[in-house]
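Dear colleague,

Please find below the structure that I am handing over to you. My notes on it follow directly after.

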Amino acid sequence: MSPVPLQSAQPLKFTVLETLDRIKEEFQFFQAQYHSLKLECEKLAGEKTEMQRHYIMYYEMSYGLNIEMHKQVSLSTNGNTEIIRI
């Protein structure tokens, strides 16, 4: 009876080691994938920040241009009123 447990223990031990190796390989694969996705996410976050900066810059330029156009309209209206008065 004693040889049977030893024979059945050997394949079980090999299976456990094989399973642990496979789990280790999968874990390393997932770590590499996580690292790659993390780098991509950081890159996209940087690009998002840069796009927001550009948006703010263009918004400020547009706002300034709009104010300047209103000033010019006001000046031309006042100038036209003075010309008509003369």
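Rings of Phe, Tyr and Trp (for Trp, its six-membered ring) are taken as a pair if their centres lie within 6.5 Å; planes under 30 degrees apart count as stacked, over 60 as edge-to-face, and the rest as tilted. By that rule, the structure holds three aromatic pairs. In one of them, the ring centres of Tyr55 and Tyr59 are 6.4 Å apart and the planes stand at 25°, so the pair is stacked. In another, Tyr59 and Tyr63 have ring centres 6.5 Å apart and planes at 15°, so this pair is stacked as well.

Before I continue, two remarks on the source. This is a predicted model, in which local features need pLDDT of at least 70 and side-chain atom pairs count only at pLDDT 80 or more, while totals for chains, interfaces and linings use all residues. Residues are numbered from 1 along each chain as its sequence is written, and side-chain values use heavy atoms, with hydrogens and water left out.

Overall fold and surface

The protein has one helix and zero strands; helices (H or I, at least four residues) and strands (E, at least two) are DSSP runs, numbered from the N terminus. Buried residues make up 0% of the 86 residues, where buried means under 20% relative accessible area, exposed over 50%, and partly exposed in between (1.4 Å probe, protein chains only). The protein exposes about 8500 Å², and carbon and sulfur atoms supply 65% of that area. Accessible areas come from the Shrake-Rupley method with a 1.4 Å probe; for residues, only the protein chains shown count as cover.

The tyrosine cluster and its patch

Ring pairs link Tyr55, Tyr59 and Tyr63 into a cluster. Tyr55 and Tyr59 both lie in helix 1, four residues apart, or about one turn of the helix. Tyr59 and Tyr63 are likewise four residues apart in helix 1, about one turn. Tyr55 is exposed, with a relative accessible area of 58%, whereas Tyr63, at 49%, counts as partly exposed.

These tyrosines also belong to a nonpolar surface patch: Tyr55, Ile56, Tyr59, Tyr63 and Ile67 together have about 570 Å² of accessible area. Patches are made of residues with over 30% relative accessible area and no salt bridge; like charges are joined within 9 Å, and nonpolar side chains (Val, Leu, Ile, Met, Phe, Trp, Tyr) within 5 Å. Ile67 is placed in helix 1 and is partly exposed, at 34% relative accessible area.

Charged side chains

Side chains of opposite charge can pair when their charged atoms come close. The structure holds two salt bridges, each defined as a side-chain nitrogen of Lys or Arg within 4 Å of a carboxyl oxygen of Asp or Glu.

- Arg53 and Glu50 meet at 3.2 Å, N to O. Being three residues apart in helix 1, Arg53 and Glu50 are separated by about one helical turn. Arg53 is exposed, at 52%, and Glu50 is partly exposed, at 36%.
- Arg85 and Glu82 have their closest N and O atoms 3.7 Å apart. Both lie in helix 1, three residues apart, about one turn of the helix. Arg85 is exposed, at 64%, and Glu82 is partly exposed, at 39%.

Elsewhere, Glu18, Asp21, Glu25 and Glu26 gather in a surface patch of negative charge. Lys and Arg count as positive and Asp and Glu as negative, with His and the chain ends not counted; the place of a charge is taken as NZ of Lys, CZ of Arg, CG of Asp or CD of Glu.

With kind regards
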